[in-house]
Amino acid sequence: MNKYLVLVMRTPRFDAAVIEPHKQFLEQLVERGQLQESGRFTDDTGGAYVIFAENLDAAREIAFTDPVHTTGSSELTVYEWEITTPT
């Protein structure tokens with residue numbers, strides 16, 4: 001499994017009603033062992049999360065079912081993420 005960073009940026013159509021379905025979506029990813037971490041940006045412009053998937057297409061398929069994306073409340077960009085540790 002590879003790690004993918006999902007960058008979530010709110011659009012002008014953002015609706016706070018999508019927050020709870022988004023949290024439920026993330027919880028489902030946790031239950032399936034597909035979510036490493038998630039968090040919001042403190043300036044309320046969006047957030048990010050790290051998921052595990054076989055490849056970039058699979059990661060996009062997962063992320064693009066997120067309610068913040070399907071409702072148009074946020075734009076999602078998915079990046080394959082190679083994490084390096086400073087030495």
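**Entry 1: the model.** I recorded at the outset that this is a predicted model.

**Entry 2: the nonpolar core.** I looked up the largest nonpolar core and found that 17 residues belong to it. The residues with the most contacts inside this core are V6, L29, Y49, I51 and L76. I then asked which elements give two or more residues to the core. They are the strands β1 (2-10), β3 (46-53) and β4 (74-80), together with the helices α1 (19-31) and α2 (56-63).

**Entry 3: L29.** I next listed what L29 touches, leaving out residues up to four places away in sequence. Its partners are Q34, L35, Y49, I51 and I62. Two of these names, Y49 and I51, also stand among the core residues with the most contacts.

**Entry 4: the largest pocket.** I noted a space of about 320 Å³ in the largest pocket. Its lining is made of 16 residues, and R10, H22, R40, G46 and G47 are the closest to the centre. Two or more lining residues come from each of β1, α1, β2 (35-40) and β3. Sorted by class, the lining holds 7 nonpolar, 6 polar and 3 charged residues.

**Entry 5: T11.** I located T11 in the loop between β1 and α1. Is T11 buried or exposed? Its relative accessible area is 14%; buried means under 20%, so T11 counts as buried. I found that the T11 side chain reaches the backbone oxygen of G72 at 2.7 Å. Not counting residues up to four places away in sequence, T11 touches G72, S73, S74 and E75.

How values were computed
Residues are numbered from 1 along each chain as its sequence is written. This is a predicted model: local features need pLDDT of at least 70, side-chain atom pairs count only at pLDDT 80 or more; totals for chains, interfaces and linings use all residues. Side-chain values use heavy atoms; hydrogens and water are left out. A nonpolar core is a set of buried Ala, Val, Leu, Ile, Met, Phe, Trp, Tyr and Cys residues joined through side-chain atoms within 4.5 Å. Buried means under 20% relative accessible area, exposed over 50%, partly exposed in between (1.4 Å probe, protein chains only). Helices (H or I, at least four residues) and strands (E, at least two) are DSSP runs, numbered from the N terminus. Contact means heavy atoms within 4.5 Å. On a 1 Å grid over the protein atoms alone, a cavity is a set of points where a 1.4 Å probe fits but cannot get out, and a pocket is an open set with protein on both sides within 12 Å along at least five of seven lines; lining residues have an atom within 4 Å of a point. Grid points are joined across faces, edges and corners, and a volume is the space filled by probe spheres set on the points. Ala, Val, Leu, Ile, Met, Phe, Trp, Tyr, Cys and Pro count as nonpolar, Asp, Glu, Lys and Arg as charged, and the others, Gly among them, as polar. A polar contact is a pair of N or O atoms within 3.5 Å; within protein, one must be able to donate a hydrogen and the other to accept it, and residues adjacent in sequence count only if both atoms are side-chain atoms.
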